[in-house]
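Hi there,

Here is the structure I promised to pass on. Have a look at it first, and then read my notes below.

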Amino acid sequence: MPETIFSKIIRKEIPAKIVYEDDLSLAFHDLNAQAPIHVLVIPKRQIDSLEHASEEDAKLLGHLQIVLQKVARILNVHESGYRVVMNCGRDGGQSVGHLHYHLLGGRTLVWPPG
Ligand code: AMP
């Protein structure tokens, strides 16, 4: 599938406020923050969406969740709490075709989401 703006962020061709990086993943602040803390955690290898992930990606997906935990600690929302969201496909509200987790925190979040 065609690459997205996230590939350019991974290659540092366009700027992003990076919070955490390792060989497999990158975490950076969302440009259009929906909460005081809003960070995206993405795999460096493009998977278009959760619907495109396979059993072979299970370890990578697990790694991304541990990265979310690290990001929450780096940004000091690990005790107050936070929400992890992954939008998938049209009805899920996914706008960028490169799988990503949203980490939202820094305020009390309502439920259910819109
Ligand atoms: P989604 O709608 O779940 O696909 O989320 C995509 C997210 O990427 C949105 O929250 C956008 O605000 C965010 N986004 C798009 N372009 C950039 C960018 N260049 N830097 C940071 N965040 C971005």
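What follows is a short tour, from the whole chain down to single residues.

Please keep in mind that this is a predicted model.

**The chain as a whole**

The chain has 3 helices and 5 strands, and along the sequence they come in the order α-β-β-β-α-β-α-β. With a radius of gyration of 14 Å, close to the 13 Å from the globule rule for 114 residues, the chain is as compact as a globular protein of that length. Along the principal axes, its C-alpha atoms fill a box of roughly 35 × 30 × 25 Å.

Of the 114 residues, 39% are buried. The chain exposes about 7000 Å², and 53% of that comes from carbon and sulfur atoms. If you look at contacts between residues at least 6 apart in sequence, 56% of them join residues at least 24 apart. As for charge, there are 12 positive and 13 negative ones, and their mean positions lie 6 Å apart.

**Strand E3 and its partners**

Which strands does E3 pair with? On one hand there is E2 (residues 25–29), which runs antiparallel to E3 and is joined to it by 5 bridges. On the other there is E5 (residues 101–105), also antiparallel to E3 and also joined by 5 bridges.

How many of the residues of E3 are buried? The count is 7 of the 7, so E3 is largely enclosed by the rest of the structure. Both of its faces are covered. Ile37, Val39, Val41 and Pro43 are buried on one side, while His38, Leu40 and Ile42 are buried on the other.

E2 also pairs with E1 (residues 18–21), in the antiparallel sense and over 3 bridges. These two strands, E1 and E2, form a hairpin with 3 residues between them. Here glutamate 21 stands opposite leucine 26 in E2.

Aspartate 57 sits in the loop between strand E3 (37–43) and helix H2 (58–74). Is this residue buried or exposed? Its relative accessible area is 5%, under the 20% cut-off, so aspartate 57 counts as buried. Leaving aside residues up to four places away in sequence, aspartate 57 touches Arg45, Ile47 and His52.

Serine 7 belongs to helix H1 (residues 5–10). This serine is buried too, because its relative accessibility is 9% and the limit for buried is under 20%. Beyond residues up to four places away in sequence, serine 7 touches Gln46 and His98.

Proline 36 lies in the loop between E2 and E3. Its relative accessibility of 56% is over 50%, so proline 36 counts as exposed. Even so, proline 36 has contacts with Gly105, Gly106 and Arg107, again not counting residues up to four places away in sequence.

Happy browsing, and do write back with any questions.

Best wishes

Definitions and conventions. Residues numbered from 1 in each chain as written. Predicted model: local features only at pLDDT ≥ 70, side-chain atom pairs only at ≥ 80, totals over all residues. Heavy atoms only, no water. Helix = DSSP H or I, 4+ residues; strand = E, 2+ residues; numbered from the N terminus. Rg over C-alpha atoms; globule rule 2.2 N^0.38 Å. Buried < 20%, exposed > 50% of the residue type's maximum accessible area, 1.4 Å probe, protein only. Contact = heavy atoms within 4.5 Å. Areas by Shrake-Rupley, 256 points an atom, 1.4 Å probe, with all protein chains shown as cover. Lys, Arg positive; Asp, Glu negative; His and termini not counted. Charge placed at Lys NZ, Arg CZ, Asp CG, Glu CD. Pairing = 2+ DSSP bridges.
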